[in-house]
Number of protein chains: 2
Amino acid sequence: MKHELDYFFHPDGVAIIGASDNVLTGGYHIVRNVMGGYAGTVYPINPKYSELLGIPCYPDISSVPDSFECLIYFIPARFIVETIKKCAGKGVRAIIIESAGFAEVGNEGHLLQKEAVAVAGSLGIRLWGPNCMGYLDGHTRNVFSFMYTDKWKTLMKPGDVSLIVQSGMLSAGFLMSVLERDAIGISKVCSIGNKCDVNEIDLLEYFVNDEETGVVGCYLESIADGKKFLQACQSTSNPIVVLKSGRSEQGKRAAMSHTASMAGDAHILAGAFKQAGVVQVVDLYELIDIVKAFSFIKNYRPDKGTAIMTFSGGAGIVTTDLMADWGIPSAHITQESLRKIKDVFPPWMEPSHPLDLWPAVEQNGLDTVYRSVAEVLMQDEGVDSVIIECFASRYFDPSFFSSIGDMMHQYGKPVILWLVGEQEVVERYKTYSEENGIPVFGEIGRCMQVIKALRFHFSKRGKV
Amino acid sequence: MKHELDYFFHPDGVAIIGASDNVLTGGYHIVRNVMGGYAGTVYPINPKYSELLGIPCYPDISSVPDSFECLIYFIPARFIVETIKKCAGKGVRAIIIESAGFAEVGNEGHLLQKEAVAVAGSLGIRLWGPNCMGYLDGHTRNVFSFMYTDKWKTLMKPGDVSLIVQSGMLSAGFLMSVLERDAIGISKVCSIGNKCDVNEIDLLEYFVNDEETGVVGCYLESIADGKKFLQACQSTSNPIVVLKSGRSEQGKRAAMSHTASMAGDAHILAGAFKQAGVVQVVDLYELIDIVKAFSFIKNYRPDKGTAIMTFSGGAGIVTTDLMADWGIPSAHITQESLRKIKDVFPPWMEPSHPLDLWPAVEQNGLDTVYRSVAEVLMQDEGVDSVIIECFASRYFDPSFFSSIGDMMHQYGKPVILWLVGEQEVVERYKTYSEENGIPVFGEIGRCMQVIKALRFHFSKRGKV
């Protein structure tokens, strides 16, 4: 039997009311995007056209010749109640309302939204939105959203990252930025807007049993029910990363005007998140980077310290300072390991932590030095994880990262990478390293946030 | 008359001892880089070759047919003293020692370095380094450094940013990353390594009277003389941004092994920096981004609050929260301004701060909305600066940023920009906006650090 949310994620037939042939409107891009991925039948609805993007277009819901399970709503807010009623006769079980003009614009919109929920509830229809971007699915390739680009066709790769985003534009322009920047595999990206019915708790509960989801990232302006939210978070061993906005007084007021959200008390929430094992973040790429880290790293026993391998003594010291700032324990490398590492060092230089490898690289090459030092660290019992800082040199091939990726899995010790150098070479190294399981981050400070989040999540799991 | 440091920055004749034809060695790249930019005569020295890269190569210093003012040293450390002595007879006044193997490798190297300083001092020769990358100059195009790439030829643009970097690799691979990422105009990038003689204080004092330098960024592992350093910082109205590593106990130990530096007490230093008006940072791209902000923004009266214009209600709330975290005052926009802004908003939406512009953009276009709202904010007396968050849309031309750049200069209110969207379009918007004086940063959190630094520096200046 279908789960209620399956009518959104796996519907038999999708209609779009508010379909358009004007490329400057969302109504055009929704049809284009749905047609570009969804495997079932698509029914555009608009009395202006008999055909749209090469398929039949219908004047209204009742004219659609078949029943269909999901409707995407993109006409003005005031038509919502009559539309829901018409949908009932067509077998619709799920409506994604992407239009704005509901609770976020004041009392009138609020009442309209409330009425829509009541009517839909009485007809067995679930509502998604309003004031949202719908969703994308990396596996089914359903893009039920008005993103103004086809780029998702090449950029969206299937994976285990699901996002719940309570904001429209954040799941469109920002998402494309993210997918171009990072090799993040997508399960479901859900933009829930005013979340008048389907909310973050429904989705979190759904994701617990969703085999395609391994990590959940949330951008939320409010939490529908704190207790249920935390219960949902605790019912899974998958990491959950939350950016909760409206933490400040001014942010709270802004959240009210954006998605009609009551933001709640930030301090109480932060404490509750911590207790429930939720990783809390405060910035947008921070959210993405930490989610990315969890999609790469599935095993970690944070019982020792983090070791630093670097191309630059300076970067190594900056990293050491930042680790101290963030309370990340530094690895105690054994004398035996240092003796082994000495084999690739020049005679005049004694290895010490952080491991400044450039003089060794000049003598023995980037690949040999990084591979052999990584292996020693993986076998060192004082090391539970490694930050690698590497100069992406065009004179070497990054293939040694595949060996290091293998070691990472063999020993269950996370490795994360920071790269500098010419952009083109950095991109090549980054792609290769991420294909081999080692995630790359853009700043040393971000590496700290990542390790802190990994330590937090996997310590919690260790205690369960 | 030449300043002592002019023999480094404007020498009449440069020789390179340790020149090589092996592309995997620094000795090759130094010659190649010097020849690629320096306007005077270049003398490679190595007994193995009679010619190198198409110019005569000499077996030793005494064989060089002319006198020359600057020597770049890239042979093993042990030859330094005899080399200095030979240099005296050739009119050399400045030696850049790029080899390692001195104080950073222990007592023997330390003694050697000390002897070199004494001998050079007695002969009127200044020493730069050792264990460093030399320097680059964006105006003369002198690249007296072993960077393994020609990319600087296209990437290095003249400008007013000078950097003092106490680490070799940080000024090479990292610098290329920086120049590819950002439109930063370079005055002088100086890698000073163990700074046995020429140090950060000499350079800071030199930069005070250097018309090509408008902002100085430092990466330092130690400070030669705290009092003099702070005096030098206070003797200029130009902003000085410092990343001082070795703040933690473990970082201090690492700094000792890297450049033989005594890192000093971090808390005392942080207090002294603050008092002297030095902007302190803790991460590498943070240093670069803040220096970049100061190279773009020359006027600011931080007496009111910062306004937010955004494409995304969500991003606006995140920004509002982060401003509260960072203690950045939020602008109080007047009712009159809000009334003016309402002209470009859809009827159902009342403008409020943070200004969520997307619904207005859908109605009136990106260019019209961003330009007209920016103008209102520039004229609002409650606003002293603006963060613009923009979705880089391929359906619009970014030329409205030139109007906004003009306003920024006219009203003396800084504008900084955060962009999302498809990478190619973002790059186009970024280039255009930076060409028109508006700096772009990659994360909202980084925008906070930038505004905080601007407020700090320009408040201090206001008080003087």
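A: First, a term. A residue is buried if its relative accessible area is under 20%, exposed if over 50%, and partly exposed in between, using a 1.4 Å probe and protein chains only. This is a predicted model, in which local features need pLDDT of at least 70 and side-chain atom pairs count only at pLDDT 80 or more, while totals for chains, interfaces and linings use all residues. Residues are numbered from 1 along each chain as its sequence is written, chains are lettered from A and ligands numbered from 1 in the order in which they are written, and side-chain values use heavy atoms, leaving out hydrogens and water.

Now the rings. Over all chains, a search of the whole structure finds 44 aromatic pairs. One of them joins A:Tyr43 and A:Tyr58: the ring centres are 6.1 Å apart and the planes stand at 50°, so this pair is tilted. (Rings of Phe, Tyr and Trp, the last by its six-membered ring, pair if their centres lie within 6.5 Å; planes under 30 degrees apart are stacked, over 60 edge-to-face, and the rest tilted.) A:Tyr43 lies in strand 2 (residues 42-45) of chain A, and A:Tyr58 in the loop between strand 4 (55-56) and strand 5 (70-73) of chain A, so the pair ties together parts that are 15 residues apart in sequence. (Helices, H or I of at least four residues, and strands, E of at least two, are DSSP runs numbered from the N terminus.) A:Tyr43 is buried, at a relative accessible area of 4%. A:Tyr58 is buried at 17%.

Turn to chain B. The rings of B:Tyr43 and B:Tyr58 have centres 6.1 Å apart and planes at 50°, so the pair is tilted. B:Tyr43 sits in strand 2 (residues 42-45) of chain B, with B:Tyr58 in the loop between strand 4 (55-56) and strand 5 (70-73) of chain B, so parts 15 residues apart in sequence are tied together. B:Tyr43 counts as buried at 5% relative accessibility. B:Tyr58 is buried, with a relative accessible area of 15%.

Rings also gather into a group. In chain A, ring pairs link A:Phe8, A:Phe9, A:Tyr38, A:Trp128, A:Tyr135, A:Phe144, A:Tyr206 and A:Phe207 into a cluster.

Some rings sit under a charge. The charged end of A:Lys292 lies over the ring of A:Phe441, 5.1 Å from its centre. The charged end of B:Lys188 lies over the ring of B:Phe9, 5.7 Å from its centre. (Here NZ of Lys or CZ of Arg must be within 6 Å of the ring centre and within 35 degrees of the ring normal.)

Strand 2 of chain B leads on to a sheet. Five strands of chain B form an open sheet in the order 2-1-5-6-7, with parallel pairing. Its edge strands are strand 2 and strand 7 (126-128) of chain B, each pairing on one side only. From one strand to the next, the twist averages 20°. Strand 6 (residues 94-97) and strand 7 of chain B pair in the parallel sense over three bridges. (Two strands pair if DSSP finds at least two bridges between them.) B:Ala94 has B:Arg126, in strand 7 of chain B, as its bridge partner. Helix 3 (residues 80-88) of chain B packs on the sheet and touches strand 1 (14-17), strand 5, strand 6 and strand 7 of chain B; its direction makes about 165° with that of strand 5 of chain B. (Axes are lines fitted to C-alpha atoms, for helices over the stretch in contact, and angles run from 0 to 180 degrees between N-to-C directions; contact means heavy atoms within 4.5 Å.)

A:Phe207 is one of the residues touched by A:Thr213; the others are A:Asp160, A:Ser162, A:Ser187 and A:Asn238, not counting residues up to four places away in sequence. A:Thr213 is found in the loop between helix 7 (200-208) and strand 12 (215-220) of chain A. A:Thr213 is buried, at a relative accessible area of 6%. A polar contact of 2.8 Å joins the side chains of A:Thr213 and A:Ser162. (That is a pair of N or O atoms within 3.5 Å; within protein, one must be able to donate a hydrogen and the other to accept it, and residues adjacent in sequence count only if both atoms are side-chain atoms.)

Last, the backbone. Most peptide bonds are trans, and most residues other than glycine have a negative phi. A:Gly129 and A:Pro130 are joined by a cis peptide bond, with omega about -10°. A:Pro130 is in the loop between strand 7 (126-128) and strand 8 (134-137) of chain A. Phi of A:Lys195 is near 40°, a positive value in a residue other than glycine.
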